[in-house]
2 protein chains.
Amino acid sequence: MKKILVVEDERPLAEAVAFSLEKEGYQVDIALDGERGWRMCQQGAYHLVLLDLMLPGMDGMEVCRRLRRESDVPVIMLTAKDADVDKILGLEMGADDYVTKPFNMRELVARVKAVLRRYQGEEKGKAASEGVIEAGDIALDRERHEVRVRGEVVEMPLMEFRLLELFLRHPGKALPREYLTTQVWEGDYFGQSKTLDVHVRRLREKVEEDPAHPRHIITVRGVGYRFEAGGESS
Amino acid sequence: MKKILVVEDERPLAEAVAFSLEKEGYQVDIALDGERGWRMCQQGAYHLVLLDLMLPGMDGMEVCRRLRRESDVPVIMLTAKDADVDKILGLEMGADDYVTKPFNMRELVARVKAVLRRYQGEEKGKAASEGVIEAGDIALDRERHEVRVRGEVVEMPLMEFRLLELFLRHPGKALPREYLTTQVWEGDYFGQSKTLDVHVRRLREKVEEDPAHPRHIITVRGVGYRFEAGGESS
DNA sequence: TCGACGACCAGTATCTTTTTCATCGTCGCG
DNA sequence: CGCGACGATGAAAAAGATACTGGTCGTCGA
């Protein structure tokens, strides 16, 4: 039995959605504003979150971002008509899918099913290995705050640790420099762009076998960097 | 074989509709008022419901709302004049399409087919095909920011990447030079017009098997360029 | 208080990308 | 057939991005 949280401030709509989903056999909870939605996400172990973009209190974007930091729950955004799709699905928010309002219930249910189905496959060992992210020969333990490369524990300063965590969370994705800085430095940071380079370099020194020819942290010119788990590049 | 229910109180019209649809190979039932329509919907497993808005007894709006609660059947509304389209298609009623009376049969049949087709496809969901755009032997992965031509990864600078993405998004369309420049350079660009040529050339070098005789990026004299997925041209 | 260390910044080196320029080819039209 | 406009091409200058080095500052623990 899958649990779904609907975060939506228009009560009738929220209830309509809940009703439709319950009819499909899901267990549905409703949160009428962002704050509550966020709290409920943290407590209840939901399998999927339906999130309105426009919310009183904390808006959907913020909730989604926070959610992404702390968990892997799939998120479907409910957006107004022509929202910026790239932003919603992209790194910025990282939703799994979106439905534009007004939508019909059938479509919504279809999306929910699709996302859950898709997610089922992805759910590998992440539940088992609480807090440890692995990729190839690198393992990052959030609890112990410790990194192992090829089995060896590697000392790692905070910034590099954060950076590596970011990379490990999005393997294979080209992460824009700007994204990396705002994430590592928590939003409001106006430092020199070169600072990132330095941290990347030092991270490479620790993580790469041959820092001069990185196999893991690939630079994507004009964009940022991309982390490869396996070791393919060139 | 698809089953369709027609809910319409004017018998001659209902029968005319039924006749036209049966001619197209659908199996059609008729309900002459709202109550009956509602009951038949609940029992018979219809693939689509044609619903008159004005009905004796329970009117079409009510039937539609109830229907929406309980099932996924696509609904096409038959409305008088220009009713409130937004309401009909929106959350309020959640119909899939509507046809204004008087209508001609051909149009109605077309709508029926369209809705059924659309519904069919919806099951799959477009979420799966996110991120990578493919066309013939070219694949562009936006997440990885990587391009493959005939399976091989090809290094590609930012501008060319953008350009290629534009082409891939509008295959078969002649894209005016001006459009390309404004899109790639994000609006405000006042460089030489020749710049585009150069980028196109380099893109061809990477994408075409024989850059001297391009099969993909065709120049359209006096207009701009056209991208062909397959390889037909000349 | 000192020293070690991490974070950050600036400058330079190096390389890539972008733009420009000059020339040549070709297509369409009269 | 020749002209003129437009596009293709090659080379090189200009701009831009990243890698690396070294150094300053502040913090924290000895």
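In this predicted model, M159(B), R162(B), L163(B), L166(B) and F167(B) of helix α6 in chain B meet Y179(B), L180(B), Q183(B) and V184(B) of helix α7. Sorted by class, the residues of this contact comprise seven nonpolar, one polar and one charged. An α-helix has 3.6 residues a turn, so residues three or four places apart point the same way.

The arrangement of the two helices can be described next. Two packed helices are described by the angle between their axes and the distance between the axes. In chain B, the axes of α6(B) and of α7(B), the latter covering residues 177-184, come within 10 Å and cross at roughly 125 degrees. Because angles from 65 to 115 degrees count as roughly perpendicular and those over 145 as roughly antiparallel, α6(B) and α7(B) are oblique to each other. Their crossing is right-handed.

Helix α6 of chain B itself runs from residue 158 to residue 169. Its twelve residues reach 16 Å from the first C-alpha to the last, close to the 16 Å expected at 1.5 Å a residue.

Leaving aside residues up to four places away in sequence, M159(B) touches V184(B), W185(B) and H199(B). M159(B) and V200(B) are 41 residues apart in sequence, and their C-alpha atoms are 9.8 Å apart in space.

Chain A can now be considered. There, M159(A), R162(A), L163(A), L166(A) and F167(A) in α6(A) meet Y179(A), L180(A), Q183(A) and V184(A) in α7(A). This contact has seven nonpolar residues, one polar and one charged. The axes of α6(A) and α7(A) come within 10 Å and cross at roughly 125 degrees, so the two helices are oblique to each other. The crossing of α6(A) and α7(A) is right-handed.

One residue of helix α6 in chain A deserves a look of its own. E160(A) is found in this helix, which spans residues 158-169. With a relative accessible area of 2%, E160(A) is buried. Beyond residues up to four places away in sequence, E160(A) touches H199(A), R202(A), L203(A) and K206(A).

Conventions. Residues numbered from 1 in each chain as written. Chains lettered and ligands numbered in written order. Predicted model: local features only at pLDDT ≥ 70, side-chain atom pairs only at ≥ 80, totals over all residues. Heavy atoms only, no water. Helix = DSSP H or I, 4+ residues; strand = E, 2+ residues; numbered from the N terminus. Buried < 20%, exposed > 50% of the residue type's maximum accessible area, 1.4 Å probe, protein only. Contact = heavy atoms within 4.5 Å. Axes fitted to C-alpha atoms, helices over the stretch in contact; angles between N-to-C directions. Parallel < 35°, antiparallel > 145°, perpendicular 65-115°, else oblique. Left-handed = near helix turned anticlockwise from the far one by under 90°. Nonpolar A, V, L, I, M, F, W, Y, C, P; charged D, E, K, R; others polar. Expected span 1.5 Å × (residues − 1).
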